[in-house]
Amino acid sequence: MPEYPKKYKKESDCSYTLGPFPTFELLKSRPNAVRAVYYREDFREKDKLLALCRTLAIPCQCSSKALERISQKEICYAAAVFEKYPGRLRPQAPHAALVCPGDMGNLGTIQRTLLGFGLRDLAIVGGGADRWNPKAIRASMGAAFRLEVEEFPDFPAYLNAYGQGRDIFPFMLDGGQVLTPESCPLSGCYTLVFGNEATGLPPEYRQYGQSLFIAQSREVDSLNLAVAVAVGVWVFTTRNGGIQ
């Protein structure tokens, strides 16, 4: 077995799952990235976990000490140590793009939402929340391991890699067209772009494509980012071929 894991650091080459569900999702989706798995003696599904790790030839050990280090004193019945791995978006698939997302909980929730609506490619532009942080991984409930996620320093870098033949739809509070199931554009290859929770998208994003906004009452200034992504992605995936 490898040495006990240490507290997560952003600059580290590995991260952790917190809890049984994301741990099983990691083992099913990215087994080659897993270094080791730990569980508590009173974990009810330890036999299932041990059998799966045995099949995958992954070290699996009962260790409360390791779990305490990973979870930072939270009760955690199972966890895995995994290597951070590169992602690469599919050129012909629909994408979502998050520009400087600031909240790890939102980031994880958005990844779970994308997977739920059949969109499996996510661009993260300009930095922001650490997608590898165990809090973000836990919020995704393992969905992070089933997506292709690629990071870009700025939006022109994303366009240089994937923009050819692709429709870009920035979501903005002052967008040029309201998005409804009836008005949703038809597109064979598109990217839905969402801004930071606090600031949204800068004005220059209007130049990249048809800007959209989601109608809302005057009682709120904006929708939560994860909610806005859910609405936008559901409308687009429903209008353009259904949920896969």
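At 40% relative accessibility, Arg90 is partly exposed, a class lying between buried (under 20% relative accessible area) and exposed (over 50%), computed with a 1.4 Å probe on protein chains only. Asp121, by contrast, is buried at 0%. The side chains of Arg90 and Asp121 form a salt bridge of 2.6 Å, N to O; the term denotes a side-chain nitrogen of Lys or Arg within 4 Å of a carboxyl oxygen of Asp or Glu. Arg90 belongs to the loop between β4 (78-83) and β5 (95-99) and Asp121 to strand β6 (residues 121-125), so the pair ties together parts 31 residues apart in sequence. Helices (H or I, at least four residues) and strands (E, at least two) are DSSP runs numbered from the N terminus.

The model is predicted: local features need pLDDT of at least 70 and side-chain atom pairs pLDDT 80 or more, whereas totals for chains, interfaces and linings use all residues. Residues are numbered from 1 along each chain as its sequence is written, and side-chain values use heavy atoms, without hydrogens and water.

The whole structure holds 10 salt bridges, among them the following.

| Pair | Closest N and O atoms |
|---|---|
| Arg35 and Asp13 | 3.0 Å |
| Arg146 and Glu25 | 2.7 Å |

Arg146 is partly exposed at 36%, while Glu25 is buried at 10%. Asp13, Arg35 and Glu83 are linked in a network of salt bridges.

Glu150, in strand β7 (residues 148-152), is buried yet has no salt bridge, and Arg88, the nearest side chain of opposite charge, is 4.2 Å away. Its side chain reaches the backbone nitrogen of Leu89 at 3.0 Å.

Methods
Lys and Arg count as positive and Asp and Glu as negative; His and the chain ends are not counted. A polar contact is a pair of N or O atoms within 3.5 Å; within protein, one must be able to donate a hydrogen and the other to accept it, and residues adjacent in sequence count only if both atoms are side-chain atoms.
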